[in-house]
Amino acid sequence: MPIKSMRDAINDALHLEMARDPSIIVLGEDVSGGAGGTSGEREASGGIFGVTKGLLPRFGDHRVIDTPISESAIIGAAGGAALAGLRPVAELMFADFVGVSLDQIFNQLAKFRYMFGGKTNCPAVIRLAMGAGMNMGAQHSQTMYSMLTSVPGLKVVIPSNAYDAKGLMITALRGNDPVLFFEHKALYPRKGEVPDGAYTIPFGEASLVREGEHVTVVALARMVPFAEKAVDALAKEGITCDLIDPRTTSPMDEDTILESIENTGRLVVVDESNPRCSVASDIAGMVAARGFHSLKAPVQLVTAPHTPVPFARELERAYVPSPTRIEAAIRAVMKD
Amino acid sequence: MATPPIHPTTLAPLTREQLLRAYRQMKTIREFEERLHVEIQTGEIPGFTHLYSGQEAVAVGVCELLSDADYIVSTHRGHGHCIAKGCDVVGMMKEIYGRHDGLCKGKGGSMHIADFDKGMLGANGIVGGGQPLAVGAAIACRNRGDGTVSIAFGGDGSSNQGTVFEAMNLAVVLKVPALFVWENNGYGEHTGADYSVGSRDIAGRCRGFGMPAEVCDGSDFFAVFETMGRMVSRARAGQGPAAVEARITRFFGHFEGDPQLYRAKDETKRLRESMDCLKIFRARVTAEGWLEAGELDAIDSEVLALIDRAVAEARASSPPAEAELYADVYAEY
């Protein structure tokens, strides 16, 4: 099986699907790069994280569209193009920039199908690079998915590895709803086995990353490899965990989490978001409502604190949930 | 069965049938809105409504240049655009009454009417929300290469929105067939455009983005049709975006129930006498001998009957079933 980074896996998905479906277009800031300027060299960028590399030379500038730095126009154009029969993939670059395009996301794209009585679909995929860990400061490091998971009409995808990223992206590109596709920046170089051909992974189906009997650990994105470390370390002491990666937070695979808790009775949720109104608190609330009688101990939440993302290395390390904190939370939930 | 043109416009000659149709469309919008103004006071119509009376020549002057394959994106004051683009009047009335068989199953309401078969991509409750969407639809037009265009309607209010500036710049950068129609009716909500539009020159702003822009009298169907005709033709020929600022007025308030304290006492009465596009159209076509007054009177009667029927059917219809609350959030979930 070929070994690929998550960056290349998503790039693979875009190449395969754009070749298969001529209605797919890609637009955003520097998705190719090099338009205008003095060198005349096209594809000077291929996406600031290299995810859209090779698309412009292959598919041309009517389908791979460099835009000005105009997030509302990018997302709005994606929405309008989707209503007019295209399948746009809009790159928002940093997830933090969702702020300057939010109306188009939650008032427009998310609501078209519903408020127009089901007479249209809005098959737009919005790619957002998210997450802390690279000292990019308070406006280039947030996760943002918790806020957007609360919006009806949007699907929210948060892959934790290269294999899932490719399959989930292909599902997004073949679907008929607006999808927010969150890519953790620190995971772009992370490699895994990825087949060359196309395959899909359904939304709303969690992945069981580890199987165990004592604790259920739910983690997302970069928190999955962090949780793997903690879970594997504890396994050596005889504490074994179900490690569940929901992969999508809308739809959310509640049943897999509830079934696991029926066996373990203990829950740790690991989420890089700020804690209030987060995916972590959402899962804890869901389990309190639907799985309370299975619980043997209070739920442990491992999240970022209720602060902006700090800049200094030491502070940012303290901000991001670590394998050590996850391990401590698993031990804590085992005490009761 | 095309008949020879009788009104020699510069770009798009109008036949008798086209003139009759334009009048019928404007009259339908007027009576739809005037009737809503009355019916809203009964309390039967939920929510709040923004009426288009007074601006009919803009919607119709623009949309008579379009086919179902062309797109429009509308605003919160969207009934006129919907009718002008061919949306079913009875279905619209039912939608505004919140009925199950409304154009959007009663789930959109006055501000969210769309009809994709007619190229009507939706009214919009967000001021400045539609212009970026129109640019996206224009990308689809360009990529299809079939000469279709995409029109964004907006008012003096949305001309001040940042989203609109982004959209106009993107349209120029990509050279897509997006056209920006500005209906400057003098007021954004309860504030004068002479206050809120800093430069007092919306067309000038558009030129600043690098597109041609012209000003026309929005109460004159022929002025709108000809000015917009030039812009549509160049966009169809691949020459990129353009804008038209139509100076116009609205005969009602921002929304129904607006006491309009920001307007001089006799302003709307005066404007109904001097800037009524229907009167202006009728005077011109009868004076030129293009149409007979009797033909227009006959249309008036037919339109009134249609609006009567729309209201009667809307009142007699039923609300959506409760299960509809959960339907169509997603294509699949």
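Keep in mind that the model is predicted.

Let's start with chain A. Chain A has 12 helices and 14 strands. Its C-alpha trace spans about 65 × 45 × 40 Å along the principal axes. Now look inside. Of the 336 residues in chain A, 57% are buried. Then the contacts. Take those in chain A with a separation of 6 or more: 78% of them join residues 24 or more positions apart.

Next, the domains. The assignment for chain A gives domain 1, residues 3-193, and domain 2, residues 207-335. Their C-alpha centres lie 27 Å apart. How many residues of domain 1 of chain A are in contact with domain 2? There are 25, and they meet 23 residues of domain 2. On the domain 1 side, four elements of chain A give two or more residues each: helix 6 (145-149), strand 6 (155-157), helix 7 (162-174) and strand 7 (179-184). By class, that side has 12 nonpolar, 11 polar and 2 charged residues.

Now bring in chain B. The contact between the chains takes 36 residues from chain A and 37 from chain B. Stay on the chain B side. Strand 1 (71-73), helix 5 (130-144) and helix 6 (162-174) of chain B each give two or more residues. Which element gives the largest share? Helix 5 of chain B, with 10 residues. The side of chain B that touches chain A has 23 nonpolar, 8 polar and 6 charged residues.

Last stop: helix 11 of chain B, residues 277-287. What covers the buried residues of helix 11 of chain B? The cover includes helix 1 (16-39), helix 2 (56-63) and helix 9 (221-236) of chain B. Turn to the face away from the buried side. There you find the exposed residues Ala283(B) and Ala287(B). After helix 11 of chain B comes Gly289(B), with a positive phi near 80°.

Note on methods
Residues numbered from 1 in each chain as written. Chains lettered and ligands numbered in written order. Predicted model: local features only at pLDDT ≥ 70, side-chain atom pairs only at ≥ 80, totals over all residues. Buried ≥ 20, exposed ≤ 12 C-beta atoms within 10 Å, placed from the backbone. Contact = placed C-beta atoms within 7 Å. Nonpolar A, V, L, I, M, F, W, Y, C, P; charged D, E, K, R; others polar. Domains from an automatic or database assignment.
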